[in-house]
Amino acid sequence: MSEKKITKAELKKMETARKKKFVLEAYNIFMDSYYKVLGDEACPSKLVITIKNNNHYIKFQAHCQGFAILVYRNGNIDFSIKEFCHGEHLEHLYEYTDDVDSQKKFLDKLRNELADKIMEVALEKYVGYHYFMDLIYGENHFFDAYDYFKAQAEEED
């Protein structure tokens, strides 16, 4: 009995479907996090969602500043923070891989930890973009700055 061979076109189609599913799941995790983090507070900036060619962009815009979560159709995920005095800081969050286990681990970490942290910064929960960018442009990275400002806010409470 012979096994059915999968053609290159079928493999490509299956991979495209997996990427679409991954992109949609990552986007949904961010949107769920947005609602959870926002709660009953008012958003300090305008939220703009753009979906184009299966790229998903979640942007928070205010005068001369903003925050963007960029979920690309190739499966890569970036986010950027922009502020008038500091310019723009872009950080790469995830580079897509065909490894399903790696994807699942990332999505679990995004769901359980990373999305809320990113959304708390986007919504300026602990500090405004200007002060956040002051710390990023030192030797700290995004999540180091997040941990610092969250700890400061908890000390004040």
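This is a predicted model: local features need pLDDT of at least 70, side-chain atom pairs count only at pLDDT 80 or more; totals for chains, interfaces and linings use all residues.

Reply: Let's start at Ser 45, which is found in the loop between α1 and β1 (46–52). Residues are numbered from 1 along each chain as its sequence is written, and side-chain values use heavy atoms, with hydrogens and water left out.

Back to our serine. Ser 45 has a relative accessible area of 10%, so it counts as buried (that means under 20%; exposed is over 50%, and partly exposed is in between, using a 1.4 Å probe and protein chains only). What does Ser 45 touch, not counting residues up to four places away in sequence? Its partners are Phe 60, Gln 61, Ala 62 and Tyr 129, where a contact means heavy atoms within 4.5 Å.

Tyr 129 takes us on to helix α3 (residues 129–136), which packs with helix α4 (residues 142–156) at an angle of about 125°, their axes being 9 Å apart. Axes here are lines fitted to C-alpha atoms, for helices over the stretch in contact, and angles run from 0 to 180 degrees between N-to-C directions. That makes α3 and α4 oblique to each other: under 35 degrees is roughly parallel, over 145 roughly antiparallel, 65 to 115 roughly perpendicular, and the rest oblique. From α3, Tyr 131, Phe 132, Leu 135 and Ile 136 meet Phe 142, Ala 145, Tyr 146, Tyr 148 and Phe 149 of α4. Sorted by class, this contact has nine nonpolar residues, no polar and no charged ones (nonpolar covers Ala, Val, Leu, Ile, Met, Phe, Trp, Tyr, Cys and Pro; charged covers Asp, Glu, Lys and Arg; the others, Gly among them, are polar).

Now step back to α1, where Ile 29 sits within residues 8–38. Ile 29 is buried too, at 7% relative accessibility. Apart from neighbours within four places in sequence, Ile 29 is in contact with Leu 107, Leu 110, Arg 111 and Ala 115.

As for the whole chain, there are four helices and five strands, in the order α-β-β-β-β-β-α-α-α. Buried residues make up 39% of its 157 residues.

Methods:
Helices (H or I, at least four residues) and strands (E, at least two) are DSSP runs, numbered from the N terminus.
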